[in-house]
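Trainee: May we go through this structure together, one topic at a time?

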Amino acid sequence: MQWHTRSTVKYIADQLKRCASLKEVESWYGLLFKTNTTQDCFLMNQYITACSNVHSLDSAIFAFSQVHNPNVFVYNAIIGAFLNLFRPLEGLRYYVDMLRNGLTPTSYTFSALIKSCRVLSVVGFGETVHGQVLKNGLALHVHVQTSLVDFYSSLGKVIQSRKMFDEMTERDGFAWSSMISAYARAGDLDSARSVFDEMPEKNNASWNTIIHGYVEAGNVESADELFQIMPKRDVISWTTMINCYSKHKLYREALELFDEMKRTGTRPDGVTMATVISACAHLGVLEQGKEMHLYVMQNRFKIDVHIGSALIDMYAKCGVLERALVVFYKLEDKNLFCWSSVIDGLAVHGYAEEALAMFDKMDKEKIEPNRVIFVSVLAACTHAGLVEEGNRRFLEMTSKYSILPEIEHYGCMVDLLCRVGLIEEALVLIRSMRMQPNPVIWGALLGGCKLHKNLDIARVAVDRLMILETDSSGYFTLLINMYAEANRWADVARIRAMMKERGVEKILPGSSWIEVEKKMHQFAACDNYHPASQEIYLVLDVLDSQLKLIGYAPDFDFVM
C-alpha cells in the first residue's frame, strides 16, 4: 500500500476520527509505526486529536514525543488535548516550547491558549497571549475574538470584554452568550438583557445564560417570564428553572416543573435529579423521594456524589436513616458532601456517637472538613449533651483544621451549654464571640434560661432581643411564661403593657406540612383555609372528647 498518497492519508484521518476506544486508536498507531509514518505531522495531528477524544493523554504525549520536528499543527493538537483533558497548565508549557523552537502560532493555537488561560484564571499570561494575537495580526479571527470575549468575561473584566465584543465584525452565538454572561456575572442585568434583546438569532445558550443571570440575582419572576416564552427548551433550561425554584425554597413548584419536563419528553441529567431529590428532602415527601430514586435506577443514572449525597440527605430528612446509610455505603466515591449528609442524618436522629465516629472515619480518609460539617458534628454533641466532646471539637476547628467558628457553630455551643444547665458559661461564650450575636444566639440562651429557670440571665437575653427584633412576640411570651411560673404577676403585667405600647403581637402562626397520597397539605393554628377544614375540626372534636374520657387534661400554665 502506498501510504503517502493523498487518498490514503485522508482515509487514515477519517478512520482516526471514527475511533471510539483507545484500543482502536492505538491499533492505528501500530500501523503507522510499522510503515515509518509517525513523522508525518498531518497524521500525528490527527492521531493526537483522536487520543484526546478517547481521553488518553498518555498516548498523546508519547506520540508527540516521537515526532522529531513537530510543526505548529502538531503543537496545536497537543495543546488542545491538554485543554480537553483538564491539564491546561501543561498545554501552556508546550506553547512556550513551541515558541523556543521558532514556530509561529496560528489562530487555532491562540484560541486553545486563551481558553486554557480562562480555565486557569491566569490574567497576566492571558493578557500576554492577547498581545501576541495582536503582534501576529490575528486579532480579527472570529474564534480568537470570541475566546477573548469569554476570557475577559470569566474574569469579570466587563469593559475589556465589551471592547472585544464591539470590535467583532462577525459574532457567533457563543460570543453573544459570553457578553450576556459577563454583564450577568457583574450584576448588571439591564445591560445583559439589552445585549440579549439585540441578538439577531437567539440560541438556547443565550436564553439559558440570561435566565441563569436572573436566577443568580434572585429575580425569580423575570427568570420565569423568559422561561415561559422560550421557543425551545433543552435540559439546561429546565434544570436552571427547577434549580431556581429550589434555590428560593419553592420546592413544590420545582417538583411540578420536573413533572412537566418529563411530559415534554426531555430527559433530565444528573444535576436535574440531584436538584429534585433535594427538593423532596426539604419538603419531607418520602414517597416522591422514593419515586425519584426509582426513576434514577430505571433510567440507569450513575449514582455519583451529587445524586448520592442528595439521596442520603432525602432519606435522612424523611426519617428513613437505614436507607440513607445503605446509599452511603454503596457509593463507589464519596466526597465531602456525602460524608456531611450522613453525619448530619445520624446527628439529627440522635445517633451522636455514630455521627462522631463517622467524622473520625472521614478524617482518617484524609477528607478535609468544612464549616458546614462542623455544624453537624456540634449538633450531634448538643443532642446528646456531650459537653466535653463538644468543647473539644469546637476548639479543634481552629487549632487542627484552621476553621474559624461562624455564628452557626456558636449557636450549637450555646444550645449545648444551655441544655445541660451551664447558663453562665453560655453567656460568657456569647460575650467572647468574634462577631455580634444574632437573635438566634440570644434566643437559644433564653430557651435555656426557661428550661433551668434562670430569670436574671433571661432578662439580659430579652433586653438584647428587644433591640435586635423589636416586633417579635415569641421572646416576650417566653419571658411572661417564666414570670408567671415564678408567680411574679407584676412583671407579667409590665411586659404585657410594654408589648401593647410597642404594638408587638403574634401575626403569623407556625405551620405544619403533611404528605397524603403524594400531595402536600399545609396547616396553621386555627386556620380555615384547607378545603376539608370542617371535616378536620369534627375529627379533632371527637379526639378531644375521647382524650377527656380517659382523663387527659391540657396544661395551660404556659399559655400567654
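Trainee: Which residues touch the most other members of the largest nonpolar core?

Mentor: This is a predicted model: local features need pLDDT of at least 70 and side-chain atom pairs pLDDT 80 or more, while totals for chains, interfaces and linings use all residues. Residues are numbered from 1 along each chain as its sequence is written, and side-chain values use heavy atoms, without hydrogens and water. A nonpolar core joins buried Ala, Val, Leu, Ile, Met, Phe, Trp, Tyr and Cys residues through side-chain atoms within 4.5 Å. Among the 175 residues of the largest one, those touching the most other members are Ile48, Phe110, Ile211, Met273, Met314 and Leu445.

Trainee: Which helix gives the most to this core?

Mentor: Helices are DSSP runs (H or I, at least four residues), numbered from the N terminus. With 9 residues, the helix that gives the most is H5, residues 72-84.

Trainee: How many disulfides does the structure hold?

Mentor: A disulfide is a pair of cysteine sulfur atoms within 2.5 Å. The sulfur of cysteine 318 lies 7.5 Å from the closest cysteine sulfur, in cysteine 280, and is therefore too far for a bond. Cysteine 338 is in no disulfide either, its nearest cysteine sulfur, that of cysteine 318, being 18 Å away. The number of disulfides is 0.

Trainee: Is cysteine 338 buried or exposed?

Mentor: Buried means under 20% relative accessible area, exposed over 50%, and partly exposed in between (1.4 Å probe, protein chains only). Cysteine 318, at 16% relative accessibility, counts as buried. With a relative accessible area of 0%, cysteine 338 is buried.

Conventions
Helix = DSSP H or I, 4+ residues; strand = E, 2+ residues; numbered from the N terminus.
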